[in-house]
Amino acid sequence: MPSLIKNRIFGLTLTLNTLSWAGLILRDDYTKTQRIIMKVYGGLVFLYLFVFTAYVQIADLVVIWGNIDFMTETSLILFMQLAVSAKVLTLMLKSKKIMEVTNEADAILNSEKKVEGQRIIASIDKNTTLFLKYYGFFVAFTIICWFMGENTSTFFIRSKYPFNELKSPGREFAFVHQCIVVIFTGSFDFNVDIIIISLVAVCRCRLKLVALSLRNLCLDIPMNKRNLITSDEEKVITERLRNIISQHKRALDAAEAIKHYLSGALLVQLMVSIVVICTTAYQLAVKKSTTMQSLTMAGYLFGTSLEVFLFCYQGEFLRESSEEIADAAYECPWYTLTRPLKKTLLIIMTRAQRPATLTAGGFVTLDITEYMAIMKASYSFFTVLQQVSE
Amino acid sequence: MMTKVKTQGLVTDLMPCIRLLQAAGHFLFNYHADTSGMNMLLRKIYSSAHAVLIVVHYICMGINMAQYKDEVNELTANTITVLFFAHSIIKLAFFAFNSKSFYRTLAVWNQSNSHPLFTESDARYHQISLSKMRRLLYFICGMTVFSVISWVTLTFFGESVRMIASKETNETLTEPAPRLPLKAWYPFKTMSGGGYVFAFIYQIYFLLFSMALANLLDVIFCSWLIFACEQLQHLKAIMKPLMELSAALDTYRPNTAELFRVSSTDKTEKVPDAVDMDIRGIYSTQQDFGMTLRGAGGKLQNFNAENNPNGLTAKQEMLARSAIKYWVERHKHVVRLVASIGDTYGTALLFHMLVSTITLTLLAYQATKINGINVYAFSTIGYLVYTLGQVFHFCIFGNRLIEESSSVMEAAYSCQWYDGSEEAKTFVQIVCQQCQKAMTISGAKFFNVSLDLFASVLGAVVTYFMVLIQLK
């Protein structure tokens, strides 16, 4: 029995292990046959949870075509599942590469010896765990609301099965399927989001550690009267600077890789979120519904906004950490260094002017300004929907 | 009787504002000379009493709003008033919860470095910042008092009524209301008599103190920004003498014959080392360096040329390097100050902008109902001007900070850097690189405080107003 995947960041430990039990992520210590078995298992899980569900929902959509209310309800759930399946698919297909990046980062974080550096890692860990708790609580709340809410369908999600779901054994099968879909889609969404957030947080952490090393460049070099370092000290500092630069390059490469892998899934998520936000807002504002339904709609609205906000917030933090490197280079007593060292610092500062960012589809940079733009876009679509309905 | 408390740095500069904050009832308990338990308890009681009185009145206003929530006109007017005074409550609570970071920001400038060459410039710009801060404080205090006076004066004009829509006839009736500055619910009768006088005095107190609470905190924020800007001015001003300190010759006329003569002392021509551009051995005579310099003082004309390529003695080079150290450390100190200001006040600015946006939207709607020069017009325009003024107040200082910090790079370029030593040129290079990005104050990362923000707010208000006018 393979052991747990261990990671310095708690969020990653929890979510990576959960997803590997579902067969969506492959552990490194699998043998070849185990790998094939897990891949098939993961593929089956994906088929059952996402493809089959999408099929029954689309079948139902075809049947109830014309009934706006039911159609909205089904398409809302369909869209949300689309976003989750895009993210899960990305994770499954790029699982090996993502695990590589994760393991490399984990090795670096574990080998950090400085007290200040360990404090930085601990604070980022706490930060991600906090996100995990809030978001997890929220997803659990939404799932419970779903179970307890009154639905127009026979079970929980409107669907048209290819068999008769009113008589057993079709009834049991459909019921089990629906329960599993509700619980597991929610929890997979949660897990994948936390993985994404934690990966970005880890990149941020590495860049912060680079900034810390830069700040402490002349740490135990005493300031002499001439305000100029000696040639022995120069050698020490040159060596340190070389290490810092290679650290910086590797951190930037990791951030670039993560951005590249996640870009497509984030684009799908963004599009879906805009649609979900304005649709749920419309449902809340215009349609008269029971308290339970309003609560569920409000839950979706808030949950989707929270999801997008988490991504944008992490993207903003990442950008900030990579720009911080220039400030950190400025903070060391560079005026005491020799000219070649100053030139090296200058090149580091120039590189740091172009920050590492998180993008969706390569053209949308995810930061707080983008979040405000998304909210504004959703609000304008919502007002248009309102006008149309009147 | 009150002994002088020993203060330094920003606290000394901002003492009048701090004293006013304490008088207005903020939970500011530091910076007293006498910190005995009894006095501290008295101060805490004082602040709590103010807080309780203000919150109680705010709740009374809220109850009034809830009472008349069915009348659209009354609801809008009451919502605007409630939001208007929400600033004070938010800032009171914000300061109470965040006082540690305020103290930290006030303590940032307690120890600052100094350099014998630049003390005069430092003192001059410090004085300028002090006078600007005082002027700002007087202006804002004056505006607050003026607002209270005009509000109270306006109460006595026009009819003191409430507009109630009659359900049957669908027209607006008037219901008599007490002639008070603010509409609020009181548990006693306030139409006339003792209750009226008490409510009136209570409301004047509430108006004055709540406006003072909100505005004084903004004054502290803007004073910090003024200080940071004047420090940046100081740094820009000393850039030029710093360059001249490390200046090489600018009127350098080489002796042509000497240039091409093989040096008799050194048989092999000293080829400059590829790594270390040490040109000491190449130019060896005083004539090569020339003898004159623009009258920068006797010091720089003495070219002993012992050890350095720019004709500076070792002592001069040390002086130049110490000046650079002063400049860089001072600049880093300013960066730390601005970062601390942003951390302390950013969230308060975010709340302020949120509340102001909603208030201004509602005010735009109210403004469409103005139908003449009457009390309604004056009060709506008064609210508008005041709210926009508050936003303008911190936007203009935030904008100045952005401008000052990005102009440091231009100042570095516009001094005589080409005359400076290689050391100075690298210094200019690093400063230019670092100061390309301006220092900004952001409202919890959601927006940057600048005149762009004010322009967008103003533009939004005007747009809503135009659209609503069209719809009528």
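Which residues gather in a patch of positive charge on the surface? The first point answers this, and the others follow from the wider fold to single residues.

1. The patch. The model is predicted. On its surface, K32(A), K39(A), K96(A) and K97(A) gather in a patch of positive charge. Two elements of chain A, helix 2 (32-63) and helix 4 (95-110), each supply at least two residues of this patch. K32(A) is found in helix 2 of chain A. Its relative accessible area is 67%, and K32(A) therefore counts as exposed, the cut-off being over 50%.

2. Make-up of chain A. The chain has ten helices and two strands. Read from the N terminus, the order of elements is α-α-α-α-α-α-α-α-α-β-β-α.

3. Extent and packing of chain A. Along the principal axes, the C-alpha atoms fill a box of roughly 90 × 55 × 30 Å. Of the 390 residues in the chain, 53% are buried. Among contacts with a separation of 6 or more, 78% are between residues 24 or more positions apart. The accessible surface of chain A is about 18,200 Å², and carbon and sulfur atoms account for 65% of that surface.

4. Charges. Over all chains, the structure holds 33 salt bridges. The next points take up some of them.

5. A salt bridge between two helices. The side chains of K87(A) and D193(A) meet in a salt bridge, with an N to O distance of 2.6 Å. K87(A) lies in helix 3 (residues 68-93) of chain A and D193(A) in helix 6 (residues 170-215) of chain A, so the pair ties together parts that are 106 residues apart in sequence. Both K87(A) and D193(A) are buried.

6. A salt bridge between E112(A) and K114(A). Here the side chains meet at 3.8 Å, N to O. E112(A) is buried, with a relative accessible area of 10%. K114(A), by contrast, has a relative accessible area of 32% and is partly exposed.

7. A salt bridge within one helix of chain B. R321(B) and E317(B) join their side chains in a salt bridge of 2.6 Å, N to O. Both residues lie in helix 9 (residues 314-367) of chain B, four residues apart, about one turn of the helix. R321(B) is buried, with a relative accessible area of 3%, whereas E317(B) is partly exposed at 24%.

8. E316(A), R319(A), E323(A), D367(A) and K437(B) are linked in a network of salt bridges. K437(B) is the member from chain B.

9. Is A105(A) buried or exposed? The relative accessible area of A105(A) is 3%, so this residue is buried, the limit for that class being under 20%. Apart from neighbours within four places in sequence, A105(A) is in contact with V202(A) and R206(A). The C-alpha atoms of A105(A) and C205(A) are separated by 9.3 Å, although these two residues are 100 residues apart along the chain.

Methods:
Residues are numbered from 1 along each chain as its sequence is written. Chains are lettered from A and ligands numbered from 1 in the order in which they are written. This is a predicted model: local features need pLDDT of at least 70, side-chain atom pairs count only at pLDDT 80 or more; totals for chains, interfaces and linings use all residues. Side-chain values use heavy atoms; hydrogens and water are left out. Patches are made of residues with over 30% relative accessible area and no salt bridge: like charges are joined within 9 Å, nonpolar side chains (Val, Leu, Ile, Met, Phe, Trp, Tyr) within 5 Å. Accessible areas come from the Shrake-Rupley method with a 1.4 Å probe; for residues, only the protein chains shown count as cover. A salt bridge is a side-chain nitrogen of Lys or Arg within 4 Å of a carboxyl oxygen of Asp or Glu. Lys and Arg count as positive and Asp and Glu as negative; His and the chain ends are not counted. The place of a charge is taken as NZ of Lys, CZ of Arg, CG of Asp or CD of Glu. Buried means under 20% relative accessible area, exposed over 50%, partly exposed in between (1.4 Å probe, protein chains only). Contact means heavy atoms within 4.5 Å.
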